[in-house]
Amino acid sequence: LATNNAALTVTGTTNAVAGGVGIISEGTGVAVYTGNFTIGTFNLNSVVALAHFGGDATFVTVSNPIGSTIDFNGSGAQIVRPNGQTFDTVTLNGVVGSRVSWSGTSTVGNVTIGANSELRLDGSVVPGNVTMTVSAGKTITNNGIFSLDDVSHLRTLTLQGSAASANYSGNDIAWGGNNLTVGNLVYGPAATLPSGTTVTLNNGVTFTNGVTVQSGATLAVGTQVLTLGADSSFAGTVNVSGGTGQIAAGAHAIVNTGTMNFQTANGGSMVCGAFTSSGTVNNTFTNTITASGNVAISGTFGTPGNSTIVMTGSGTTINTAVQVGSLTLNSPASVTVVTSGLNLSGDLTVNNGASLTDATNNRGMSIGGNATITWTGSVTSGSTACVVTGTTSGTGAWIGGAGALTFTGDFTLSALTESSSTTTFGGSTVTLSTY
């Protein structure tokens with residue numbers, strides 16, 4: 001059947017799939033299929049064709065889809081079985097309460113969900129698992145409802161781009177406690193993951209307006225890169241796997257009241273603005289947290305020796321209510337110890353152009369590893385005792401205050417202003433260039 005450029009309306013069931021020989025060839029006209037639709041070959045001829053479907057639609061072969069629009073405008077529930085086929089533009093314009101259950105595997109171009117419509121990745125429809133791939137540069141625009149049904153986690157639902165430029169815009173997904181695998185996607189709305197939902201990355205994903213991981217939800221970054229374009233909060237569980245797993249939040253703040261796991265292998269990382277954690281951070285494998293804003297860590301900070309915190313912000317503060325690992329300050333960082341004494345199980349490194357001071361709040365500093373201060377880098381201690389357990393070295397300066405200073409290991413730092421109380425050297429080598 002060839003529609004050429006004329007309009008075609010079929011109000012009953014369209015069924016011509018036996019042997020795969022049934023063919024409908026679209027032209028530039030409008031075709032309307034009100035009833036259920038099953039066809040062997042649906043040839044869209046790479047023209048500006050428009051086909052409306054009001055019932056269930058089963059596609060065996062779709063050919064030449066570029067330039068065409070497939071519209072689902074039913075008045076109730078519709079099931080789409082795409083059978084691994086590729087579509088260009090897909091629209092949903094049903095009445096209030098209408099739902100299109102999308103099944104199986106497919107590739108789509110631009111998808112627009114109307115205000116009265118619902119598109120569901122539906123694992124309850126055979127074959128069960130659902131994968132929708134959005135072509136590079138195309139966008140899912142959700143003006144209605146985009147929902148999920150993974151049949152209580154027995155099915156795998158996937159929404160992904162064919163390349164990193166695929167987009168999702170409009171309303172947040174109606175997660176409903178279902179799981180979703182995502183990748184190669186720029187996700188526009190602020191995302192809120194509710195209890196019971198696990199989102200797993202199979203490639204890089206950007207949440208342009210950030211993500212809220214509620215208690216009971218899981219965000220599995222794995223070995224992928226999660227980019228956050230706004231402040232984000234983790235009350236649930238966030239898993240990062242080294243060595244390529246990364247949370248890239250730029251200058252945006254991260255607040256963790258849940259559980260962050262650096263797992264599987266060494267090398268996981270996070271870059272953010274301010275970092276506040278009153279929940280749990282499990283440093284099972286080595287990782288680096290780079291913060292350009294204030295750092296405040298309380299709660300549980302497991303296996304601290306596997307963690308390195310890097311601070312880069314001028315006029316920032318650090319509060320370690322529990323012991324953390326190593327601390328590195330890079331220019332132009334100027335960091336003040338606040339609220340709790342600085343408590344490191346590992347090393348302190350203050351690089352050229354950076355500074356650390358405890359003289360303002362006099363909280364004290366305990367450094368379980370080595371202290372290295374280079375060139376114009378400086379550490380200023382206050383009226384509360386400070387201890388460095390390892391070696392103290394470098395070409396920078398330590399400026400003592402009224403509190404006792406104890407350097408347990410070798411001391412070869414270029415410049416030291418001694419404490420007005422007591423300065424104790426416990427190492428076998430003490431070299432003082434400027435004292």
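Q: Does phenylalanine 53 count as buried or exposed, and at what relative accessibility?
A: Keep in mind that this is a predicted model. Buried means under 20% relative accessible area. Phenylalanine 53 falls under that cut-off, so phenylalanine 53 counts as buried, at a relative accessibility of 0%.

Q: Which geometry, stacked or edge-to-face, do the rings of phenylalanine 37 and phenylalanine 53 have?
A: The whole structure holds 20 aromatic pairs. In this one, the ring centres of phenylalanine 37 and phenylalanine 53 are 4.9 Å apart. Planes over 60 degrees apart count as edge-to-face. The planes here are at 75°, so the pair is edge-to-face.

Q: Which strands hold phenylalanine 37 and phenylalanine 53?
A: This pair links distant parts of the chain, with the two residues 16 residues apart. Phenylalanine 37 is itself buried, at 0% relative accessibility. Phenylalanine 37 sits in β5 (residues 37-43) and phenylalanine 53 in β6 (residues 50-53), which gives the strands β5 and β6.

Q: Which residues form one aromatic cluster with Phe37 and Phe53?
A: Phe37 and Phe53 belong to one aromatic cluster.

Q: How many disulfides does the structure hold?
A: A disulfide is a covalent bond between the sulfur atoms of two cysteines. Cysteine 272 is buried, with a relative accessible area of 1%, and cysteine 386 is buried too, at 2%. As for disulfides, the number in the structure is zero.

Q: Which residues are linked in a network of salt bridges?
A: Side chains of opposite charge can pair when their charged atoms come close. Glutamate 118 meets arginine 99 in a salt bridge at 3.4 Å, N to O, and glutamate 118 also forms a salt bridge with arginine 120, with the closest N and O atoms 3.3 Å apart. The linked residues are Arg99, Glu118 and Arg120.

Q: Which strands are the edge strands of the open sheet of twelve strands?
A: The order of this sheet is β22-β25-β28-β31-β34-β37-β40-β42-β45-β48-β51-β53, with parallel pairing. An edge strand here pairs on one side only, and that holds for β22 (191-193) and β53 (415-417).

Q: What is the bridge partner of threonine 276 in β37?
A: Strand β34 (residues 275-277) and strand β37 (residues 295-297) pair in the parallel sense over three bridges. In β37, threonine 276 has as its bridge partner alanine 296.

Q: What is omega for the cis peptide bond between valine 126 and proline 127?
A: Proline 127 lies in the loop between β14 and β15 (130-134). The bond that joins valine 126 to proline 127 is cis, with omega of about 15°.

Q: Does tryptophan 375 count as buried or exposed?
A: Tryptophan 375 is in the loop between β47 (371-373) and β48 (378-380). Its phi is near 45°, a positive value in a residue other than glycine. With 63% relative accessibility, tryptophan 375 counts as exposed.

Key
Residues numbered from 1 in each chain as written. Predicted model: local features only at pLDDT ≥ 70, side-chain atom pairs only at ≥ 80, totals over all residues. Heavy atoms only, no water. Disulfide = S-S within 2.5 Å. Buried < 20%, exposed > 50% of the residue type's maximum accessible area, 1.4 Å probe, protein only. Phe/Tyr/Trp six-rings, centres within 6.5 Å; stacked < 30°, edge-to-face > 60°. Helix = DSSP H or I, 4+ residues; strand = E, 2+ residues; numbered from the N terminus. Pairing = 2+ DSSP bridges. Salt bridge = Lys/Arg side-chain N within 4 Å of Asp/Glu carboxyl O.
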